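Biologist: I am new to this structure, and I would like to learn how to read its features one by one. Could you take me through some of them?

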Amino acid sequence: MKTQEYIQLEENYGAHNYHPLDVVITRGEGVWVYDVEGNRYLDCLSAYSALNQGHVHPRILQALIDQAQKVTLTSRAFRNDQLPLLYQELAALTGYEMALPMNSGAEAVETALKLARKWAYRVKGVPRHQAEIITFENNFHGRTISIISFSSEPLYKDDFGPFTPGFVSLPYGNLNAVKQAITPNTAAICVEPIQGEAGVIVPPEGFLRGVRHLADERNVLLIADEIQTGLGRTGKLFACDHEGVRPDMMVIGKALSGGFYPVSAVLADKKIMGLFQPGEHGSTFGGNPLGAAVARAALRVLRDEDLIANSARMGEYFLEQLAEIPSPHVKEVRGKGLLIGVELKPEAGDARRFCEALKDRGILAKETHQHVIRFAPPLIIDQETIDWALPKIREVLLTL
Ligand SMILES: *Cc1c(COP(=O)(O)O)cnc(C)c1O
């Protein structure tokens, strides 16, 4: 079948809740993907950072095959011999005493919000059902009804109310607004250390440290959503590490499985995670042995291949080189590690047309919102590959 035939089928039979670039991928290997016509592309999206370890990493693949031949799902009604090891390895890697496994990122965010509410009632003494959670404008935390309830993006929420109460939304990066908004009923502050979906928005230096300080001072939990920024993407294990901030709860997903399988988790110390009692929360597939084995392998690859240091090194080089392109269209190039946003001037037109032009030259990048092109290749990328891509990006940014 040809590209157009696949696209026709997808358009006819599938919900149109995405607007993909018209490339039909049939195979991936490392930083590269191949379409059904045999064209090769550099993947500069990495499935929104789920593919930090690259496509079809052989060691993660082997772990998936080995585990799939043994047992894939037990449900948490019984125990399995992979989940305890994942717990132990997550604790060793991250320093958090406990973890709670889920599948999608949105589920893990919901888990963290539920835990924060329980903490508010059982530990802080907030009156029942009065807990407030502070969030930030332009956030992206997923697509459930509760999560879109505190989205500021009309596209994500306009037709989907009524919304879940209990959330306060503040301008991102504004410490004073946080200070003013905390009340005795505030359970938590939920923040992305860099707003990826909003267009790679890096908050002012000191913002996260300031939020941490306020949370300590006012007896409020700090929840960091590191689903996109975590596990090496920004050149540190967590983006919060750039400011030396340790949140009370860390939400991870995406690259936790190296792109093989949906695995997410909430990390916290015992004094918080210990609040969950049997029956209060769960998921049929959460913590399954296949996902746990895959996540263990994905974390090993991150460590053994030194991907976090490579992300810092290659990210610095890539960003520097992109910033030097004297394009009349570019307003700003920003980011940390290999999470890079190129913001176009409003008069440059939609970022989409630049992504189409990049695709025609063998580079897959995706616009985020209207005016930002995100460059976030797998963390295994080397300088030679970046040097292959740069002239093509230059050509698009200079001549379009
Ligand atoms: C992708 C993402 C989510 C949602 O993850 P899903 O697996 O798509 O549910 C939540 N928060 C952030 C910061 C993300 O980037």
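Biologist: Let me begin with helix H5: how many residues does it have, and what distance does it reach from its first C-alpha to its last?

Modeller: Please keep in mind that this is a predicted model. A handy check on a helix is to set its reach beside the span expected at 1.5 Å a residue. Helix H5 covers residues 105-124, which is 20 residues, and it reaches 27 Å, close to the expected 28 Å.

Biologist: Is H5 mostly covered or mostly open?

Modeller: Mostly covered: 15 of the 20 residues in H5 are buried. After the helix comes Gly-125, with a positive phi near 85°.

Biologist: Now the ligand. Which residues surround it?

Modeller: Begin with the surroundings, then look at single atom pairs. Ser-104, Gly-105, Ala-106, Phe-140, His-141, Gly-142, Glu-192, Asp-225, Ile-227, Gln-228 and Lys-254 surround the ligand. For the atom pairs, a ligand oxygen sits 2.6 Å from an N or O atom in the Lys-254 side chain. A polar backbone atom of Ala-106 is 2.8 Å from a ligand oxygen, and a polar backbone atom of Phe-140 is 3.3 Å from a ligand nitrogen. Taken alone, the ligand exposes 390 Å², and the protein buries 80% of that.

Biologist: How should I read a salt bridge, and how many does the structure hold?

Modeller: Look for a side-chain nitrogen of Lys or Arg within 4 Å of a carboxyl oxygen of Asp or Glu. The structure holds 17 salt bridges. In one of them, Arg-296 pairs with Glu-89, with the closest N and O atoms 2.9 Å apart. Because Arg-296 lies in helix H11 and Glu-89 in helix H4 (residues 83-94), this pair ties together parts that are 207 residues apart in sequence.

Biologist: Are Arg-296 and Glu-89 buried or partly exposed?

Modeller: Buried means under 20% relative accessible area. Arg-296 has 13%, so it is buried, whereas Glu-89 has 24% and counts as partly exposed.

Biologist: Where do Glu-356 and Arg-352 lie?

Modeller: Both are in helix H13 (residues 351-360), four residues apart, or about one turn of the helix.

Biologist: What about Glu-29: which residue is its salt-bridge partner?

Modeller: That partner is Arg-27, and the closest N and O atoms are 3.5 Å apart. Glu-29 is partly exposed at 46%, and Arg-27 is partly exposed at 43%.

Biologist: Let me finish with a strand. Where is Thr-186, and what does its side chain reach?

Modeller: Thr-186 is in strand S7 (residues 186-191). Its relative accessibility is 0%, so Thr-186 counts as buried. The Thr-186 side chain reaches the backbone nitrogen of Thr-183 at 2.8 Å.

Conventions. Residues are numbered from 1 along each chain as its sequence is written. This is a predicted model: local features need pLDDT of at least 70, side-chain atom pairs count only at pLDDT 80 or more; totals for chains, interfaces and linings use all residues. Side-chain values use heavy atoms; hydrogens and water are left out. A residue is near a molecule or strand if one of its heavy atoms lies within 4 Å of it. A polar contact is a pair of N or O atoms within 3.5 Å; within protein, one must be able to donate a hydrogen and the other to accept it, and residues adjacent in sequence count only if both atoms are side-chain atoms. Accessible areas come from the Shrake-Rupley method with a 1.4 Å probe; for residues, only the protein chains shown count as cover. Helices (H or I, at least four residues) and strands (E, at least two) are DSSP runs, numbered from the N terminus. The expected span of a helix is 1.5 Å times one less than its number of residues. Buried means under 20% relative accessible area, exposed over 50%, partly exposed in between (1.4 Å probe, protein chains only).
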